[in-house]
Amino acid sequence: MFTRKLPNKSWGKNIVGFAFAGLGIHTLDMPFLLPVTWFAPWGFLISGLLRFVISIGTLILYLEKSFHDLSIKEAQYRLLAENAVDVIYLYRLQPKQGFEYISPSIERLSGYPASHYYHSPDMFFSLIHPGDTFLLESLLRNPAAHAKHPLIMRFIRRNHALIWVEQTTVPIFDERGVCTSFEGIIRDITARKKLEQDVSRLDRLNTVGQMAANVAHEIRNPLTTVQGYLQLFLKKSIFAPYTEQLHLLISELERSNLIIKEYLSLCQNKARELKPCPLNKIIEDLQPLITADANASNKDIHYYLAPTPDIHLDEKEMRQLILNLVRNALEAMDSGGVVTIQTQVNEQGELVLIVQDQGKGIPPHVLENIGKPFLTTKENGTGIGLAVVYRIADDHQANIQIETGPTGTTFRIIFKVS
């Protein structure tokens, strides 16, 4: 039973099993061989040898089991370490600095395979952004000081992309209390950093909204009074020589009112009424206004409206989104340019609003930060228009895709159809 049923395929099991069987048989033959005097010494010797074999077999069995358990644990550890998203490593400080182990996920993080770090430990230091190298140098000088708080640094990947990482460190000490190495985990926190930046941006917007709400009333009333008197002066013949200047003052006051209105529309948290609406109908209602804007700047508008399903929209906000996109497109083009407004349903069944211009495209440094408030390349721009577009799209759970180049820019607003 011992040799057949024990779930352990090893020599130790067989040795112990057969030795026990031999010892049992030898014990049974003692009553028959006890009268044989010359066999008595040999009987004790055989019994001792069998017990010795049992002890050796038991030791082999124990060692084999320990080795088997250790192999399983090692396999589990390697499975965890080699498939973990985070980078797990062991760095040796003495007698010579270098990596004892670094998980394969370092290749996904940095672009370089783990073997490079074993052969050249300095490669790891070359990934650190120059502005953060002092953090790693401080860690190497005193790992214990950084055990409680993780290090947040910037990495430069093999493809020159910049990412944020968080490194947690656990120092390992010898019997003299000297730190000989340290273990660590490196985690990519680029997405978290981006989220923190977005939250910070929203906090700033909230602050601007509160300020705008408090200031708007105090500013708009005097502006309305001044504008009313200027319009009154236009009707008086005594001010006829100043007609051009008065029109300029009124237009600047109207522009000031428009800026205040855009700030408020960006920052106020107003209630939204989402109800089934045909997007094409909203565009058709705006067509006279859009066409008038285009004609005023000697530009043209082309419409390509495919049949689309009704989706849940806030009609007022959608009008503002379309107007902002179209006006941005008109301002991006020279005289004679064409803006294309198109609606369609894509292969995934989503409703797509497309606004395409024939401008010179968006510069890369602006494209990286597009949608952020106060970012503008226009001489008289406020940087609010596209920020409003992104807010409205986000409120409607819509995605924005941008294609830009020397021949123009295309905005795609993709709405989910419920």
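**A walk through the predicted model**

Residues are numbered from 1 along each chain as its sequence is written, and side-chain values use heavy atoms, with hydrogens and water left out.

Back to our arginine. Which residue does the side chain of Arg327 meet in a salt bridge? The partner is Asp293, at 3.1 Å from N to O. By salt bridge I mean a side-chain nitrogen of Lys or Arg within 4 Å of a carboxyl oxygen of Asp or Glu. Arg327 sits in helix 12 (residues 315–331) and Asp293 in helix 11 (residues 279–296), so this pair ties together parts that are 34 residues apart in sequence. Helices (H or I, at least four residues) and strands (E, at least two) are DSSP runs, numbered from the N terminus. Asp293 is partly exposed too, with a relative accessible area of 26%.

Salt bridges that share partners also build a network, joining Glu166, Arg192, Lys193 and Glu196. Let me zoom in on one pair from that group: the side chains of Glu196 and Arg192 meet at 3.8 Å, N to O. Both residues belong to helix 9 (residues 190–234), four residues apart, or about one turn of the helix. As a reminder, an α-helix has 3.6 residues a turn, so residues three or four places apart point the same way. Glu196 is partly exposed at 40% relative accessibility, and Arg192 is partly exposed at 36%.

How many salt bridges does the structure hold? The count is 12. Another one to look at is Arg187 with Asp86, whose side chains meet at 2.8 Å, N to O. This pair links distant parts of the chain, 101 residues apart: Arg187 is in strand 5, while Asp86 is in the loop between helix 4 and strand 1 (87–92). Is Asp86 buried or exposed? At 17% relative accessibility, Asp86 counts as buried, whereas Arg187 is partly exposed, at 41%.

Now for the rings. The whole structure has 11 aromatic pairs. Rings of Phe, Tyr and Trp (its six-membered ring) pair if their centres lie within 6.5 Å; planes under 30 degrees apart count as stacked, over 60 as edge-to-face, and the rest as tilted. Take Tyr117 and Phe124: their ring centres are 6.5 Å apart and their planes stand at 70°, so the pair is edge-to-face. Both are buried, Tyr117 at 0% relative accessibility and Phe124 at 4%. They belong to a cluster linked by ring pairs, together with Tyr89, Tyr91, Phe99, Phe125, Phe155 and Phe182.

Next, please find helix 8 (residues 133–141), where Leu135, Leu136 and Leu139 are buried. Down the helix axis, the buried residues fall within an arc of 95°, so they line one face of helix 8; the arc is that of the directions from the axis to the C-beta atoms. What covers these buried residues? The cover includes helix 7 (122–127), strand 3 (151–156), strand 4 (162–173) and strand 5 (179–188).

Gln97 is in the loop between strand 1 and strand 2 (98–102) and is partly exposed at 40% relative accessibility. Not counting residues up to four places away in sequence, Gln97 touches Tyr91, Arg92, Pro121 and Leu140, where contact means heavy atoms within 4.5 Å. The C-alpha atoms of Gln97 and Pro121 are separated by 7.9 Å, although the two are 24 residues apart along the chain.

Finally, Thr340 lies in strand 9 (residues 338–345) and is buried, with a relative accessible area of 15%. Leaving aside neighbours within four places in sequence, Thr340 is in contact with His302, Tyr304, Ile354, Val355 and Gln356.

Technical notes:
Predicted model: local features only at pLDDT ≥ 70, side-chain atom pairs only at ≥ 80, totals over all residues. Buried < 20%, exposed > 50% of the residue type's maximum accessible area, 1.4 Å probe, protein only.
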